[in-house]
Amino acid sequence: MAERRLIESWLTDMDGVLVHEGTPIPGAEEFIRRLRESGKPFLVLTNNSIYTPRDLAARLAGIGLEVPEESIWTSALATAKFLDGQRPRGTAYVIGEAGLTTALYQIGYVLTDVSPDYVVLGETRTYSFEALTKAIRLINGGARFIATNPDETGPSAEGALPATGSVAALITKATGVEPYFVGKPNPLMMREALNTLKAHSETTAMIGDRMDTDVVAGMEAGLETVLVLSGLTQPGEVERFPYRPGRVVKSIADLIDEI
């Protein structure tokens, strides 16, 4: 095992690390409190593009986790930053919620269904046949295809829900065009988070509960990776992957004393 790095900045996933089905995971409140008191830069990362950082901060505060909105980084923000760098003040046809549309408005994008530069697909609980049909026709007409994240399913109280990755696959099947996914496991999301913190990869850790998104994205971005077993990935599954996290711990509670 490589020598453990000195960590000065922290990135952490939200679902499965800090929260499970709307309830804080034991240790999460203390971990966030220590981070805030220490003054160490940190961001809570999520592939969920439905909510704005302000929305998420309010939802987390409602269950006892005090995370400032400026400390939340979503796939919607990462997508907006990517598009701003690629084609500033462009146009997009968007399937998604306020988290995504707000992020695009804030970078000066015009949302339109008339010859847009991009079709941007994000998370929503109300995917409509009409909107998907329009997206397919716009992509066939030359619009570039972007998706906020590749997650195929999302959680709900009733069970799994189809998520952005599944809907993107439907559009790809109809158009023959693959989207560019901005969110995890794309290391681009990690690098943009590092730039937001003005942090260096050598002294930053990524905490996540998924080998196929959090750990691989952190590894490819050159970060120290910590897998927690409080979420999706179970102990027996770690060895099935061709890469390993830097460390495996039971939960976020095991990291409190490192802040």
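Analyst: The account below begins with helix packing and then turns to the salt bridges.

This is a predicted model, in which local features need pLDDT of at least 70 and side-chain atom pairs count only at pLDDT 80 or more, while totals for chains, interfaces and linings use all residues. Residues are numbered from 1 along each chain as its sequence is written, and side-chain values use heavy atoms, with hydrogens and water left out.

Helices (H or I, at least four residues) and strands (E, at least two) are DSSP runs, numbered from the N terminus. Axes are lines fitted to C-alpha atoms, for helices over the stretch in contact, and angles run from 0 to 180 degrees between N-to-C directions.

Helix H3 (residues 75–86) packs against helix H4 (residues 98–106) at an angle of about 30°, and their axes are 8 Å apart. H3 is therefore roughly parallel to H4, a term for angles under 35 degrees. The crossing of H3 past H4 is right-handed, meaning that the near helix is turned clockwise from the far one by less than a right angle. On the H3 side, the contact (heavy atoms within 4.5 Å) is made by Ala76, Leu77, Ala80 and Leu83; on the H4 side, by Gly99, Leu100, Ala103 and Leu104. By class, this contact has seven nonpolar residues, one polar and no charged ones. Here Ala, Val, Leu, Ile, Met, Phe, Trp, Tyr, Cys and Pro count as nonpolar, Asp, Glu, Lys and Arg as charged, and the others, Gly among them, as polar.

Within H4, Gly99, Leu100, Thr101, Ala103 and Leu104 are buried; buried means under 20% relative accessible area, exposed over 50%, and partly exposed in between (1.4 Å probe, protein chains only). Their cover includes H3, strand S6 (91–95), S7 and S8. After H4 comes Gly108, with a positive phi near 90°.

H3 also meets helix H7 (residues 187–197): the two axes come within 10 Å and cross at roughly 85°. H3 and H7 are therefore roughly perpendicular, the term for 65 to 115 degrees. Ser75, Ala78, Lys81 and Phe82 of H3 touch Leu188, Met189 and Glu192 of H7. This contact has four nonpolar, one polar and two charged residues.

Turning to charge pairing, a salt bridge is a side-chain nitrogen of Lys or Arg within 4 Å of a carboxyl oxygen of Asp or Glu. By this rule there are 12 salt bridges.

One of them joins Arg33 to Glu37, with the closest N and O atoms 2.6 Å apart. These residues are four apart in helix H1 (residues 28–38), which means that about one helical turn separates them. Arg33 is partly exposed at 37% relative accessibility, whereas Glu37 is exposed at 56%.

Arg54 and Glu69 form another salt bridge, at 3.4 Å from N to O. This pair links distant parts of the chain, 15 residues apart: Arg54 is in helix H2 (residues 53–61) and Glu69 in the loop between H2 and strand S5 (72–74). Arg54 is exposed at 58%, and Glu69 is partly exposed at 34%.

Lys134 pairs with Asp113 in a salt bridge, the closest N and O atoms being 3.6 Å apart. Lys134 lies in helix H5 (residues 129–140) and Asp113 in the loop between strand S7 (110–111) and strand S8 (118–121), so the pair ties together parts 21 residues apart in sequence. Lys134 is partly exposed at 30%, as is Asp113 at 37%. Finally, salt bridges with shared partners join Glu30, Arg33, Arg34, Glu37 and Asp257 into one network.

Methods: Parallel < 35°, antiparallel > 145°, perpendicular 65-115°, else oblique.
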